[in-house]
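Me: I would like to learn how to read a structure like this one, feature by feature. Please show it first, then take my questions in turn.

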Amino acid sequence: MAKQIEREKASTPGKAWGIGVAAWAVPGLGHLLQKKWGRGLLLGGAVWLMFVLGLVLGGHLFRISGTDQGLSALLQLLPMSANFGAGLPYIFCWLTNTGFAENAQRVTYEYGNTFLLVAGLLNYLAMLDAFDIAAGRKQ
Amino acid sequence: MRHLLWMVIFAGLTAVVFGVVAKGTDRHRLIYGLKVLGEFLVVAFILGWILYFLPFR
């Protein structure tokens, strides 16, 4: 088992890690860089659309802020890691302080939250898919 | 109606990603994506009707 893991580590090209990072940073880019146009557009389009719709619907992004203490800070960690999966769109929102305000009075608030969380999680899936293709584990 | 629309959009986008990252031929992945979409919608309708009869208010 250990030998197999070592062999897989050794056979993973450095390019695959770069593709993985690109796929996380910009949804769809990992596949586009490997000339998987159809996959890249479908995955990237779905994740981008979901993220933008989440913001339009009034959903809010999670982050650990200085005001959260103890367990409250920990409770933010899980949804924040889901949001963080969206890559640069999340970082852009974080830098511009966009989407972090709670609009709980809006009817579509919960839908927006769900769209934003799932956009990040789906991008993690897309990132792993791009990594596997670059590493030659998947066609 | 708006809730249904957002639910269908959510299910559709999620099904697209699930279908694209699935293994197999294009045909298999298309069928898998449609199956995921159908499952999302059916489960949402069933849960919606169950919650409708539960006295939460």
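**Reading the two chains**

Reply: Of the 57 residues in chain B, 16% count as buried. A residue is buried if 20 or more other C-beta atoms lie within 10 Å of its own, exposed if 12 or fewer, and partly exposed in between, with C-beta atoms placed from the backbone. This is a predicted model: local features need pLDDT of at least 70, side-chain atom pairs count only at pLDDT 80 or more, and totals for chains, interfaces and linings use all residues. Residues are numbered from 1 along each chain as its sequence is written, while chains are lettered from A and ligands numbered from 1 in the order in which they are written.

Me: What share of chain A counts as buried?

Reply: For chain A, 37% of its 139 residues count as buried. Its C-alpha trace spans about 50 × 35 × 25 Å along the principal axes. For chain B the spans are about 50 × 20 × 15 Å.

Me: What radius of gyration does chain B have?

Reply: Chain B has 14 Å, but a compact globule of 57 residues would have a value near 10 Å. The radius is taken over C-alpha atoms, and the globule rule is 2.2 Å times the number of residues to the power 0.38.

Me: How many helices and strands are there in chain A?

Reply: Helices (H or I, at least four residues) and strands (E, at least two) are DSSP runs, numbered from the N terminus. Chain A has seven helices and zero strands. Chain B has two helices and zero strands.

Me: Which residues have the most contacts inside the largest nonpolar core?

Reply: General idea first. In soluble globular proteins, nonpolar side chains tend to be buried together. A nonpolar core is a set of buried Ala, Val, Leu, Ile, Met, Phe, Trp, Tyr and Cys residues joined through C-beta atoms within 7 Å. Here the largest one has 37 residues, and those with the most contacts inside it are A:Ala23, A:Ala46, A:Val47, A:Met50, A:Ala119, A:Ala126 and B:Val17. Two or more residues each come from α2 (14-25), α4 (37-56) and α7 (109-134) of chain A, and from α1 (2-21) of chain B. The largest share, twelve residues, is that of α7(A).

Me: What does A:Ala119 touch?

Reply: Leave aside its neighbours within four places in sequence. A:Ala119 is then in contact with A:Val47, A:Met50, A:Phe51, A:Gly54 and A:Ala86.

Me: Why does the length of α4(A) agree with expectation?

Reply: The expected span of a helix is 1.5 Å times one less than its number of residues. The 20 residues of α4(A) should therefore span 28 Å, and its end C-alpha atoms are 27 Å apart, which agrees. The buried residues of α4(A) include A:Arg39, A:Leu43, A:Val47 and A:Met50. Its buried residues pack against α3, α6 (88-96) and α7 of chain A, together with α1 of chain B. Just after α4(A), A:Gly58 takes a positive phi of about 90°.

Me: How do I read the packing of two helices?

Reply: Two packed helices are described by the angle between their axes and the distance between the axes. Axes are lines fitted to C-alpha atoms, for helices over the stretch in contact, and angles run from 0 to 180 degrees between N-to-C directions. The axes of α5 (residues 71-84) of chain A and α7(A) come within 6 Å and cross at roughly 60°. From α5(A), the contact uses A:Pro79, A:Ala82, A:Asn83 and A:Phe84; from α7(A), it uses A:Leu116, A:Leu117, A:Gly120 and A:Leu121. These residues divide into six nonpolar, two polar and no charged. Ala, Val, Leu, Ile, Met, Phe, Trp, Tyr, Cys and Pro count as nonpolar, Asp, Glu, Lys and Arg as charged, and the others, Gly among them, as polar.

Me: Is A:Lys35 buried or exposed?

Reply: A:Lys35 counts as exposed, because it has 8 C-beta neighbours inside 10 Å. A:Lys35 sits in the loop between α3 and α4 of chain A. Its phi is positive, about 60°, although A:Lys35 is not a glycine.

Key:
Two residues are in contact if their C-beta atoms, placed from the backbone, lie within 7 Å.
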